[in-house]
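Okay, thanks everyone, let me put this one up on the screen. I'd like to talk through some strand pairing and then a few salt bridges.

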Amino acid sequence: MVPKISTLSGYLHEYQKSVANPIGFWSNIAESFHWRKKWDEVLKWDFNSPNVEWFKGGKLNITENIFERHLFSRYDQVALVWEPNDPSEKHREYTYGELFSEVKSFANVLRSHAVRKGDRVAIYLPMVPELVIAMLACARIGAIHSVIFAGFSANAIAERVEDASAKIMITSDGGYRGNKILNLKDTVDEALKSCTSVQSNIVVKRTNQDVAWKNDFDYWWHDEVDKVMDEAPAEILDAEDPLFILYTSGSTGKPKGVLHTTGGYMVYSAYTFKNVFQYSSGDIYFCAADIGWITGHSYIVYGPLLEGATTVMFEGIPSFPNPGRYWDIIKKHDVNQFYTSPTAIRSLMAEGQQWIEDVEMPSLRVLGTVGEPINEEAWHWYHDHVGGNKCPIVDTWWQTETGGIMISPIAGVIPTKPAFASLPLPGIQPVIVDNEGNKLCGKSVEGNLCVQFPWPGIARTLWGDHERYIDSYFNQYKGLYFTGDGVKRDEDGYYRILGRMDDVINVSGHRLGTAEIENAINEHPLVSESAVIGYPHEIKGKGIYAYVVCNDIPSDSGEELKNSIRKGVSKMISPIARPDKILFVQDLPKTRSGKIMRRILRKIAEHNEDYGDTSTLTNPDIVNDIVKAAKLLK
Ligand code: WTA
């Protein structure tokens, strides 16, 4: 088990050590794991090329660290609790022994479908236990999983499957989400029409609905598992062999295939999980994120299971069958640590006090948030009403690319301040730079958040596109990893994340690129151009505001056209990317080089009339026209 910090002076000591001697610091933590062969070199790095390798030459399998390492002491301990969408359906529990057996069986299924080390496996599943089993089965045989969030459209799936040339798809007949049924198999069938790399589709039976079937291509999960044994030796991998790809949004249209490797990710996800949440053996931990995003990968699956935790996964949504559902789950399973997003907190807060008022959750010790800045009001509500004034809140800042939490309080150890992610974890060296790349030293400064030294969980590349990796993270400021976020450091050295500085928006904690939404809008036959920006939204943190140029602006409110644009975006990407507001305009404010002045569009959306210098625009008059139209928009 990785070492746990338990006092503030302990944190300060560990932090100093991690900066003075990162090699010694991380190799000491890595010693807690089971390596088939120890590494030759702890760290090799260069942020200029850039290239990062951790524990090079080390041999291991991450599933041996989850299962074999714990089996003697945890065979009968519950590893995974699965809480279904409908509370009247029975929940399921898997002990470490049972989960191990399921993982080995499914590893054999993958092997029987000719999946080998290094092959890519696409997984498009709802929040069912088979999702965890499939990921770990891939890891068992050295295949690279690429989980695709089950809210994505056929088009978005196809883009991701093709980019990774996935050999196998794993999906389900359908999925439950609140009172909706998702037709996952239909969506996958549509997506796979254009994907030539996929050789078989393994289907979990969840909803029992009728689905189209292609013999010798579609296979039921349960039939396949019945054919195999449950003994499956682990493939022994190099520490730098890929573990998974996870697609996320960037500032250009195409999603980025963020690649994480085995050894470093293992060490980092486990260390941060244990410390941030102060997990102790026997605790019940519940992260309400979706495994389709990085939070679910690192803090439902890998981090907790590596530390021998009992991790709760939830199939449904916080408002079904009523807005008390999270609290019911916490009470039912005696949850000790609960981790969710600011959007979920704000939406539950908006449902009214009656759902939380008389709820007692004595088991709760730690509350966490992630994915977007949390406003002070939501922080206080979470602290006072959910945590009953007794649970520290860990406001965890990190990214798909960082693999694990970077800046966050350590629960009960680092004093919290509302809306501050607080201090860097040991091993993390944040720096703030101005737009010219000058480091802003000292306290009370504001600028662009970078990191100047590697940590084991850093993404190693973007799948098939190392140039884009360099461009996205290392080209802005020489020798530094740029996060894309703005940040403020206060007089106590505490960090407050201000949000994205680039063309990425965090909508309800989901990360979306404005360019991909614009591309989808521009597909509409009546649209000639569009610009999408984020604007402050009471519940979602950021809403999506689309300025749309049409050949013929509708003379009425244009509801019909708006709906058809929204439908198009759902079809191209996902319902989560649908614009909240659409404003039809004659033109967009542009510079002489043809660049859209988003700064002005952002100000208009915020009803802030200080547009700054508009003299460099080719069409300054358009600003007034847009402002007038925006005032009329509901
Ligand atoms: C934002 C999610 C403020 C940030 C783990 C980052 C946050 C992006 C916080 C990454 C936080 C994440 N406070 N902002 N505690 N946590 N963010 O890749 O803008 O889906 O760059 O990873 O979410 O989103 P991603």
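Before the strands, one definition: two strands count as paired if DSSP finds at least two bridges between them. And keep in mind that this is a predicted model.

So, start with strand S16, residues 284-287. Which way do its side chains point? Ile 284 and Phe 286 go one way, Tyr 285 and Cys 287 go the other, and all of them are buried. On one pairing, S16 runs parallel to strand S17, residues 310-314, with 3 bridges. If you want a landmark there, Ile 284 sits opposite Thr 310 in S17. To get from S16 to S17, the chain passes through helix H11, residues 294-306, and that β-α-β crossover is right-handed.

S16 also pairs with strand S18, residues 337-340, again parallel and again through 3 bridges. Here the landmark is Phe 286, which stands opposite Phe 338 in S18.

Okay, salt bridges. How many are there? The count comes to 35. I'll just show you a few.

Take Asp 189 and Lys 185, with the closest N and O atoms 2.9 Å apart. Both are in helix H8, residues 184-192, and because they are 4 residues apart, about one helical turn separates them. Now, are the two partners buried or exposed? Lys 185 has 0% relative accessibility, so that one is buried. Asp 189 comes out at 23%, so it's partly exposed; the cut-off for buried is under 20%.

Next, helix H12, residues 325-333: Asp 328 and Lys 331 are both in there, 3 residues apart, about one turn of the helix. Their side chains form a salt bridge at 3.9 Å, N to O. Both ends are partly exposed, Asp 328 at 37% and Lys 331 at 39%.

Lys 631 and Glu 609 make a salt bridge at 3.2 Å, N to O. Lys 631 is in helix H19, residues 621-632, whereas Glu 609 is in the loop between helix H18, 598-605, and H19, so this pair ties together parts that are 22 residues apart in sequence. Both residues count as exposed, with Lys 631 at 55% relative accessibility and Glu 609 at 52%.

Definitions and conventions:
Residues numbered from 1 in each chain as written. Predicted model: local features only at pLDDT ≥ 70, side-chain atom pairs only at ≥ 80, totals over all residues. Heavy atoms only, no water. Salt bridge = Lys/Arg side-chain N within 4 Å of Asp/Glu carboxyl O. Helix = DSSP H or I, 4+ residues; strand = E, 2+ residues; numbered from the N terminus. Buried < 20%, exposed > 50% of the residue type's maximum accessible area, 1.4 Å probe, protein only. Right-handed = clockwise from strand over helix to strand, strands pointing away.
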